[in-house]
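A colleague has asked for a short note to accompany this structure. The points below are meant for a reader who meets it here for the first time.

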Amino acid sequence: MPVHPPIKIAPSILAADFADFGAECRAIEAQGADWVHVDVMDGHFVPNLTFGPAMCAAIRPHIKGVMDVHLMIAPVDPYIEAFAAAGADIITAHLEAGPHIHRTLQAIRGVGCKAGVALNPGTGIEAVAHLLDMIDLICVMTVNPGFGGQKFIHSQVDKTRALRAMIGDRPIHIEIDGGVTVETAPLVAAAGADVLVAGSAVFKGGSAREPAAYGDNIRAIRAAAEAAR
Ligand code: DX5
Ligand code: ZN
């Protein structure tokens, strides 16, 4: 991976029309999304419920590119195979979801997926320092996980910068998740992030039938981020 891989925009379908996920996935990809970010919540690790592997399998045929599955569930390990079978390309588990993140990351790569680890705002980066050779993506949560549309937590910008320094030239993506907008994208891009998840900021003003706003929103976030690097 080059030191500055191109910025990737990963719209979170948490902000899509839940009655029309297939069309929403096709629309965001046609409008320039790089990855499709899928937020799985269990009502236990986080105080909200979304969907599971069956829904991921159902939308898979509607996604040409990368299906990026963010598991906000505990435990994680019993469900890894099911999300892999559902067609996930990347499976990201939370460091805080259990006592054995090393085993979880091994299991994710073991089923042939790229392995991601997500860090809550209160979690330090040193927790992954000794795991870097088994990680493909580190997701820096810039909100407390559970809901879309929350305010960006600015203390995570310095954390992102420190993480980029710790990663060095290893081929690991830094993904930012929560409160990403045209205003906050440049802050994290300048700090070394290369994947930006955005829910509300991508889906606002458009629909699967009238998707032009999705494209405008994606281009605006991408341009703001690229300009800050
Ligand atoms: C939060 C989710 C995020 C969220 C992003 O728990 O992991 O992916 O949906 O939504 P916005 O961009 O609206 O903050
Ligand atoms: Zn997410």
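Predicted model: local features only at pLDDT ≥ 70, side-chain atom pairs only at ≥ 80, totals over all residues.

The note takes up the metal site, then strands, then helices.

1. The zinc site. Four residues coordinate the zinc ion (ligand 2): His 37 through NE2, Asp 39 through OD, His 70 through ND1 and Asp 177 through OD, at 2.0 to 2.3 Å. The angles among the six donor atoms run from 67 to 168°, and the site is octahedral. Along the chain, the donors of this ion follow the spacing H-x1-D-x30-H-x106-D.

2. Are His 37 and Asp 39 buried or exposed? His 37 has a relative accessible area of 0% and is therefore buried. Asp 39 stands at 4% relative accessibility, so this residue is buried as well. Asp 177 belongs to the buried residues of strand β7.

3. Strand β7. Five of the five residues of β7 are buried. In a regular strand, side chains alternate between the two faces of the sheet. In β7, His 173, Glu 175 and Asp 177 lie on one side, Ile 174 and Ile 176 lie on the other, and both faces are covered.

4. Pairing of β6 with β7. These two strands run parallel to each other and are joined by five bridges. Val 140 is placed opposite Ile 176 of β7.

5. Leu 137. This residue is part of strand β6, and a relative accessible area of 1% means that Leu 137 is buried. Which residues does Leu 137 contact, its neighbours within four places in sequence aside? They are Trp 35, Ile 90, Thr 92, Ala 115, Gly 116, Val 117, Ile 172, His 173 and Glu 175. Between Leu 137 and Lys 114, which are 23 residues apart in sequence, the C-alpha to C-alpha distance is 7.8 Å.

6. Helix α5. Buried in α5 are Gln 156, Val 157, Lys 159, Thr 160, Leu 163, Arg 164 and Ile 167. These residues are on the same side of α5, because the arc they cover around the axis is only 155°. Asp 158 and Ala 165, on the other side, are exposed. The cover over the buried residues includes β5 (114–119), β6 (137–141), β7 (173–177) and α6 (185–190). Just after the helix, Gly 168 adopts a positive phi of about 60°.

7. Helix α4. Within residues 101–110, the buried positions are Ile 101, Thr 104, Leu 105 and Ile 108. Viewed down the axis they fall within an arc of 95°, so they line one face of α4. Their cover includes α3 (80–85), β4 (90–94) and β5. Gly 112, which follows α4, has a positive phi near 90°.

8. Helix α1. How many of the 10 residues of α1 (residues 21–30) are buried? Eight are, and the helix is mostly covered. The buried residues are Phe 21, Gly 22, Ala 23, Glu 24, Cys 25, Ala 27, Ile 28 and Glu 29. They pack against β1 (8–11), β2 (35–41), α2 (53–59), α7 (200–203) and α8 (212–227). After α1 comes Gly 32, with a positive phi near 110°.

Key. Residues numbered from 1 in each chain as written. Chains lettered and ligands numbered in written order. Heavy atoms only, no water. Buried < 20%, exposed > 50% of the residue type's maximum accessible area, 1.4 Å probe, protein only. Helix = DSSP H or I, 4+ residues; strand = E, 2+ residues; numbered from the N terminus. Arc of directions from axis to C-beta. Contact = heavy atoms within 4.5 Å. Donors = N, O, S within 2.8 Å, 3.2 Å for Na, K, Ca; no water. Tetrahedral: all angles 85-135°; square planar, octahedral: opposite > 155°, others 65-115°. Pairing = 2+ DSSP bridges.
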